[in-house]
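Subject: Structure for you to look through

Dear colleague,

Here is the structure I promised to pass on, together with my notes on what turned up in it. Please keep the model open while you read.

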Amino acid sequence: QLSHSNASNAAISTAFPMTITVAEPLKEFDGTKDAFISYLITTKTTLDTFSSPTVSVRRRFQDFVWLHNSLSRDFAACVVPPLPDRHRMEYITGDRFGPEFVEKRRASLQRFLTRLSRHPTLQKSEYFRIFLESREWNRESSLYRQKKPGDGVFENLGDALLNAFSKLKKPDEKFVEIKESVDKLEENLQTIDRLYQKIIKRQTDLEVDYRDFGSSITGLGQLETGITAPLEQFGDTISKFADAWKRMTYREENGYLAQIRDYLTYCHCVKNVLKLRDQKQVDFEDLSEYLQNALMERENLMNTGKSSTGISSFLRETVDNIKGVDQEQVKKERLQKLDSKIAELEKEVENSNDVSDQFSLEVAKEYEIFQTAKTIEMKDCLLAYADSHVEFYRQGVELWEEIIPILDDIKFQA
């Protein structure tokens with residue numbers, strides 16, 4: 001690591017009560033259909049919920065999935081950071097054990113756990129503690145695998161479907177601004193992604209051109225027998241310079257660009273929580289509308305003796321008259337039902353308002369947490385990008401300074 005990264009990590013460790021490293025990927029059950037990669041996770045923490053200030057465990061990817069799903073289920077108002085996408089071509093081609101893929105995943109899992117460790121709520125969750133320190137992982141995690149009644153994907157899906165055709169009647173300006181801010185960040189990140197794809201292609205093309213140039217110089221040395229050695233050294237220098245291009249491109253693609261794409265997914269997580277907040281407000285607005293309709297119906301019934309003035313009310317009243325039904329008794333029964341319905345709706349509206357308000361407060365806090373994480377991570381991301389360029393140019397200067405005296409010593413015979 002370069003000095004920039006060390007300074008940044010030191011600052012983080014003093015600001016947060018937990019640091020986590022994901023390292024030493026290991027292929028287990030090699031040669032079998034059950035083979036998988038496990039990662040060594042080392043946690044250093046000052047939280048008193050942990051049994052030891054330093055603990056190391058091994059976890060596989062599906063254990064990370066369990067952690068992510070458990071947190072998403074029980075902390076709906078929190079922006080749970082995303083996991084790396086498991087629907088990758090490497091799974092289809094069978095290269096998910098390749099060193100490049102494993103390193104990309106390790107780095108992404110590192111970011112996932114680091115984000116959780118900085119979250120004031122999620123860092124203290126029982127799920128997180130079990131994941132980071134349990135020595136009886138299979139037993140303890142299985143205790144939480146059974147979902148609580150009413151929890152899970154299908155209930156969330158049901159909520160989404162119920163509100164799919166409802167729109168906010170009074171959008172909260174604060175959350176409108178938050179969404180616009182996240183949309184703008186997402187748009188900027190997408191622009192960076194597209195532009196950097198072009199940069200990577202140019203750098204890759206330059207690398208190929210330098211290699212061809214180096215081979216040509218080496219070949220020229222075979223023809224110019226008087227200066228074969230210096231030309232071969234020049235060709236070798238150019239080849240090493242092409243290697244430096246390749247290393248810089250690799251670091252940027254797997255570091256800088258990977259983080260940009262990872263943050264795009266993080267933006268989606270924020271927007272999903274914002275949508276859920278909107279759903280809570282829609283629930284409150286719809287219940288409030290039902291209550292107002294019930295109150296109006298009760299008022300109409302009190303004033304006119306009819307719960308409404310529509311055709312259905314007219315037909316029902318006509319049938320009642322034919323049957324000789326006592327209209328006063330019917331009115332009394334309807335009022336009793338309406339009073340019961342109104343009392344129930346008032347309670348539900350109050351509860352829904354409390355849930356919506358509390359959820360909104362939590363989402364506002366989550367956005368601040370996201371902003372803090374963005375500031376830290378973007379700074380680290382840009383520093384790493386700058387470091388890769390500094391290292392590339394440092395290597396380039398060393399290579400050219402080494403070869404220039406050799407080229408200057410070439411003597412030409414008249």
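I begin with a charge over a ring, where R277 lies over the face of F175 at 4.2 Å from the ring centre; a charge is taken to sit over a ring if NZ of Lys or CZ of Arg is within 6 Å of the ring centre and within 35 degrees of the ring normal.

Residues are numbered from 1 along each chain as its sequence is written, and side-chain values use heavy atoms, with hydrogens and water left out.

On confidence, the chain averages a pLDDT (the predictor's confidence in each residue, from 0 to 100) of 82, and 81% of the residues score at least 70. The pLDDT is below 50 over residues 1–14, a stretch that has 11 contacts (heavy atoms within 4.5 Å) in the model beyond near neighbours in sequence. Residues 148–158 are also below 50, and that stretch has seven contacts beyond near neighbours in sequence. Where pLDDT is low, the predicted coordinates should not be read in detail.

Turning to aromatic residues, the structure holds 20 aromatic pairs, where rings of Phe, Tyr and Trp (its six-membered ring) pair if their centres lie within 6.5 Å, and planes under 30 degrees apart count as stacked, over 60 as edge-to-face and the rest as tilted. The rings of F64 and F131 have centres 4.9 Å apart and planes at 70°, so this pair is edge-to-face. It links distant parts of the chain, since F64 belongs to helix α2 (residues 61–74) and F131 to helix α5 (residues 126–133), 67 residues apart; helices (H or I, at least four residues) and strands (E, at least two) are DSSP runs, numbered from the N terminus. Both F64 and F131 are buried, meaning under 20% relative accessible area, with exposed over 50% and partly exposed in between (1.4 Å probe, protein chains only). F241 and F392 form a tilted pair, 5.3 Å centre to centre with 40° between the planes, and this pair joins helix α9 (residues 228–304) to helix α11 (residues 327–408) across 151 residues. F241 and F392 are both buried. Ring pairs also link F64, W66, F112, Y127, F131 and W137 into a cluster.

As for cysteines, a search of the whole structure finds zero disulfides (pairs of cysteine sulfur atoms within 2.5 Å). The sulfur of C267 is 9.0 Å from the closest cysteine sulfur, in C269, which is too far for a bond. C267 counts as buried at 0% relative accessibility, and C381 is buried with a relative accessible area of 3%.

Two further residues may interest you. R60, in strand β3 (residues 54–60), is partly exposed at 26% relative accessible area, and, leaving aside neighbours within four places in sequence, R60 is in contact with F36, I37 and S38. S125 lies in the loop between α4 (99–118) and α5, counts as buried at 6% relative accessibility, and touches L71 and F75, not counting residues up to four places away in sequence.

Terms used: Predicted model: local features only at pLDDT ≥ 70, side-chain atom pairs only at ≥ 80, totals over all residues.
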